[in-house]
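Subject: Structure for your review

Dear colleague,

Please find below the structure that I am handing over to you. My findings follow directly after it, grouped by topic.

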Amino acid sequence: MDIKILGTGCKKCRTLEAQTRDAVASLGLDADIDKVTDAGEIAGWGVMATPALVVDGDVVLAGRLPKPADLAALLSNR
């Protein structure tokens, strides 16, 4: 699984990264997690509000911080 966290470094972006890493570990997923902070690259994904989450090339979340259980469910269904 290829996961990208899109965000410029705000508190919500850092929280999404931490929650994603926790969810991947607790679910035992084999995933590469990258943090994308470049505004141009973020816009290239069509994302106008951060934080955003890209899983295997699909933007699955943008502009909000999910509850940890919702994030785990989102990742386990991929």
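Does Arg78 count as buried, partly exposed or exposed, and what is its relative accessibility? Arg78 counts as partly exposed, because its relative accessibility is 42%. Please bear in mind throughout that this is a predicted model.

Salt bridges

The structure contains five salt bridges. Arg78 takes part in one of them, its side chain meeting that of Asp58 at 3.0 Å, N to O. This pair links distant parts of the chain, since Asp58 belongs to strand E4 (residues 58-62) and Arg78 to the segment after H3, 20 residues apart. Asp58 is likewise partly exposed, at 40% relative accessibility.

Another salt bridge joins the side chains of Lys4 and Asp34, with an N to O distance of 3.7 Å. Lys4 is in strand E1 and Asp34 in strand E2 (residues 32-36), so the pair ties together parts that lie 30 residues apart in sequence. Lys4 is buried, with a relative accessible area of 17%, whereas Asp34 is partly exposed, with 35%. Through salt bridges that share partners, Asp2, Lys4 and Asp34 form one network.

Glu17 is buried, with a relative accessible area of 18%, while Arg21 is partly exposed, with 38%.

Nonpolar cores

The largest nonpolar core has 12 residues. Its members are Ile3, Ile5, Leu16, Ala23, Val24, Ile33, Leu53, Val55, Leu61, Leu71, Ala72 and Leu75. At least two residues of this core come from each of E1, H1, E3 and H3. For one of the members, Ile3, the contacts beyond its neighbours within four places in sequence are Thr20, Val24, Ala31, Asp32, Ile33, Asp34, Leu53, Val54, Val55 and Leu75. There is also a second, separate core of six residues, among them Leu6, Val36, Val47 and Val54.

Helix H3

Which residues of helix H3 (residues 68-76) are buried? They are Leu71, Ala72 and Leu75. These residues are on the same side of H3 because they cover an arc of only 100° around the axis. Their cover includes strand E1 (2-6), helix H1 (11-27) and strand E3 (52-55). Leu71, Ala72 and Leu75 also belong to the largest nonpolar core.

Cysteines

How many disulfides are there? The count comes to zero. Cys10 is in no disulfide, and the nearest cysteine sulfur to its own is that of Cys13, 3.1 Å away. Cys10 is partly exposed, with a relative accessible area of 31%, whereas Cys13 is buried, at 0% relative accessibility.

Yours sincerely

Notes: Residues numbered from 1 in each chain as written. Predicted model: local features only at pLDDT ≥ 70, side-chain atom pairs only at ≥ 80, totals over all residues. Heavy atoms only, no water. Buried < 20%, exposed > 50% of the residue type's maximum accessible area, 1.4 Å probe, protein only. Helix = DSSP H or I, 4+ residues; strand = E, 2+ residues; numbered from the N terminus. Arc of directions from axis to C-beta. Contact = heavy atoms within 4.5 Å. Salt bridge = Lys/Arg side-chain N within 4 Å of Asp/Glu carboxyl O. Core = buried A, V, L, I, M, F, W, Y, C linked by side-chain atoms within 4.5 Å. Disulfide = S-S within 2.5 Å.
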